[in-house]
Amino acid sequence: MKDQKFFDRCAQKLTGALSSDEESTFHNDLEKNPEWKEAYQEFERQWEASGKLKLKYEANPQLAWEKFSELKSDHQPTTVRWIHFATRLAAMILLTVGLGFLIREFGKTEPYHYATFEGETKWVVLPDSSRIKLNESTLLTVASDFNDEERNVSLKGEAFFEISRDESRPFIIQTDEARAQVLGTSFNIRAIEEEDNIEIYVVSGKVSFAAKDAELILTKGMAANFNKSNDLLALEDDQVNALAWHLNSLVFKDTPLDQVFADLQNYFNVEILIKNDKIKNCRFTGEFKKPNLKEILKVIAISTGITHTENNNSYTIHGEGCSPAQ
């Protein structure tokens, strides 16, 4: 079995592409060659680890496989140790499921990919010293030409940006349908594919936020969203919890319960259904450090009289509700 064929078989085995006869032959070959077996076991360990990740975007296994095959055919390893090469190749294969690795494909000039596991957040430091904190289940792609004339990245998920100022090179964040451009500032972007809105909240500096043919200039404390269903770009008023995931806290100040439950849905990644529209008229005040959903629901129940039922990751809110505010 030649090297290139071995790489093919490892990837095909992990993606379930081998027939039963081919799989049997492959295992026999591994038993005959301890080096191949050790390399495959490393592939397998990396692959199994990736099962912990559930990204909120749709991967494209076919495209990733084609890219992998193209790279593999260009690369003929000669002096790289098996186990090191195994780790690098496994990282490329795992691009199809979004494992949280920085993927640097055999020294080629390719984009860098950073991703987070479900339940994981982490900081990323870019070559220009900008810092980006990724929320869970987020993919950040840094363009291959980053740090030349422009600083380009793309985002799927949610991230908090602290951008180093450079007036000669704008920093551009591209989501599926919206784009933010800055020189140096800090802000949060939420761009999750399953959600209708792409949201931005500015902590400092100035940000250009554009989608379709519309553009807004945002400064400290301002927020905006782009609705993907109606192509409407608009300013937002109450975004006090836009940084809740980053600060690990939730704050409500005489907030309508429909907004409270919307913030809880985003923070805890759950579904909350309100059975009676009058409940939305009730208002709630409270501040929670290191929030716990069940504790927050208990506090809301005491102050407003609502109750809830739970089914898996879904909560249904019951109660008489409140009269509209005069």
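User: What makes up the lining of the largest pocket, by class?

Analyst: The lining has nine nonpolar, 13 polar and 12 charged residues. Ala, Val, Leu, Ile, Met, Phe, Trp, Tyr, Cys and Pro count as nonpolar, Asp, Glu, Lys and Arg as charged, and the others, Gly among them, as polar. This is a predicted model: local features need pLDDT of at least 70, side-chain atom pairs count only at pLDDT 80 or more, and totals for chains, interfaces and linings use all residues. Residues are numbered from 1 along each chain as its sequence is written, and side-chain values use heavy atoms, without hydrogens and water.

User: Which residues lie nearest the centre of the largest pocket?

Analyst: Arg 190, Glu 199, Ala 262, Asp 263 and Asn 266 do. H7 gives the largest share of the lining, seven residues. Helices (H or I, at least four residues) and strands (E, at least two) are DSSP runs, numbered from the N terminus.

User: Why are S12 and S13 called paired?

Analyst: Two strands pair if DSSP finds at least two bridges between them. Five bridges join S12 (residues 223-227) to S13 (residues 232-236), so the two strands count as paired. They run antiparallel. Ala 224, for one, has Leu 235 in S13 as its bridge partner.

User: What lies between the strands of that hairpin?

Analyst: Four residues lie between S12 and S13. In this hairpin, Asp 231 takes a positive phi near 60°.

Notes. 1 Å grid on protein atoms, 1.4 Å probe; cavity = no way out; pocket = protein on both sides within 12 Å on 5 of 7 lines; lining within 4 Å.
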